[in-house]
Amino acid sequence: MPTQRVSTTTLCAFFLLFSLIAPAQATSPTQPLTITDDTFTCIRDMTPVRGFFVDNLLGDLDATLAVAHSDSGGRYPPGSVVQLVPTEVMVKHPEGFSPATRDWEFFELQVDSSGSRIAKRGFVDVENKFGGNCFACHLKAEPQWDMICETGRGCDPIPLTAEMTAVLQKADPRCTDNEPLTAQDLQHLQALRQAIEALSAP
Ligand code: HEC
């Protein structure tokens with residue numbers, strides 16, 4: 001019975017081919033992200049980092065957290081989701097997707113107890129409710145922070161205190177386990193309302 005022999009050349013060709021294919025399979029972060037209204041749920045289901053929350057749509061939360069917690073900054077990995085308040089989101093696309101915004105996409109959401117609706121999304125031209133361009137403001141963060149502003153990183157400030165953002169996170173209408181707001185929470189919301197009115201005044 002003839003034995004089937006695999007020549008060394010065939011084996012080499014096979015391994016060469018495999019080594020070329022393997023890295024392509026390992027880099028699933030290059031796949032385009034599918035982002036719909038349903039992508040965004042209760043902000044507190046994400047992972048807290050200082051005052052904001054993060055997640056990773058490609059399952060690599062550890063890589064996102066490593067950058068978020070780094071003292072020297074770094075580049076957020078594809079799939080990263082960052083939120084400070086329930087209605088504004090940044091999502092990191094695969095490298096090269098939008099070089100101008102370092103692959104970040106900006107979202108403005110409408111949220112209620114039934115979930116999220118994407119009101120606006122895009123790269124360089126999304127504006128918040130007050131006419132502020134997300135990209136233009138976040139671009140001012142020192143480069144090592146990858147456009148994440150927090151405080152003291154070079155972005156123009158926004159009129160939100162840490163207490164105000166905490167109440168907005170606590171009251172996210174998409175969450176099913178909201179605690180009742182305290183009198184102090186309501187005071188922070190009132191102060192926020194006044195700050196917004198001052199911003200909207202001509
Ligand atoms: C006037 C400048 C400005 C504009 C315009 C602006 N942001 Fe920000 N954003 C900030 C600053 C400053 C912070 C940090 C606030 C803090 O931590 O107290 C922030 C925080 C955030 C964060 C949390 C991560 C971080 O960078 O600290 C996200 C996500 C975010 N903004 C998304 C958006 C989106 C989306 C838009 C547009 C719809 C937008 N922002 C418009 C200045 C701005």
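Reader: Where in the chain is Gln31?

Author: The model is a predicted one. In this model Gln31 sits in the loop that lies between α1 (8-26) and β1 (47-49).

Reader: Why is Gln31 called exposed?

Author: The C-beta count decides this. Gln31 has 11 other C-beta atoms within 10 Å, so Gln31 is exposed.

Reader: What separates the C-alpha atoms of Gln31 and Pro94?

Author: A distance of 7.0 Å, although Gln31 and Pro94 are 63 residues apart along the chain.

Reader: How much of the protein counts as buried?

Author: Of its 202 residues, 21% do. The cut-off for buried is 20 or more other C-beta atoms within 10 Å.

Reader: Which residues come nearest to the ligand?

Author: Leu84, Gly132, Cys134, Cys137 and Cys149 do, out of 27 residues around the ligand. Two or more residues of this shell come from each of β3 (80-83), β4 (88-92), β5 (104-112) and α3 (134-138).

Reader: How do the residues of that shell divide into nonpolar, polar and charged?

Author: There are 16 nonpolar, seven polar and four charged residues in the shell around the ligand. Cys counts as nonpolar and Gly as polar.

Technical notes: Residues are numbered from 1 along each chain as its sequence is written. This is a predicted model: local features need pLDDT of at least 70, side-chain atom pairs count only at pLDDT 80 or more; totals for chains, interfaces and linings use all residues. A residue is near a molecule or strand if its C-beta atom, placed from the backbone, lies within 6 Å of it. Helices (H or I, at least four residues) and strands (E, at least two) are DSSP runs, numbered from the N terminus. A residue is buried if 20 or more other C-beta atoms lie within 10 Å of its own, exposed if 12 or fewer, and partly exposed in between; C-beta atoms are placed from the backbone.
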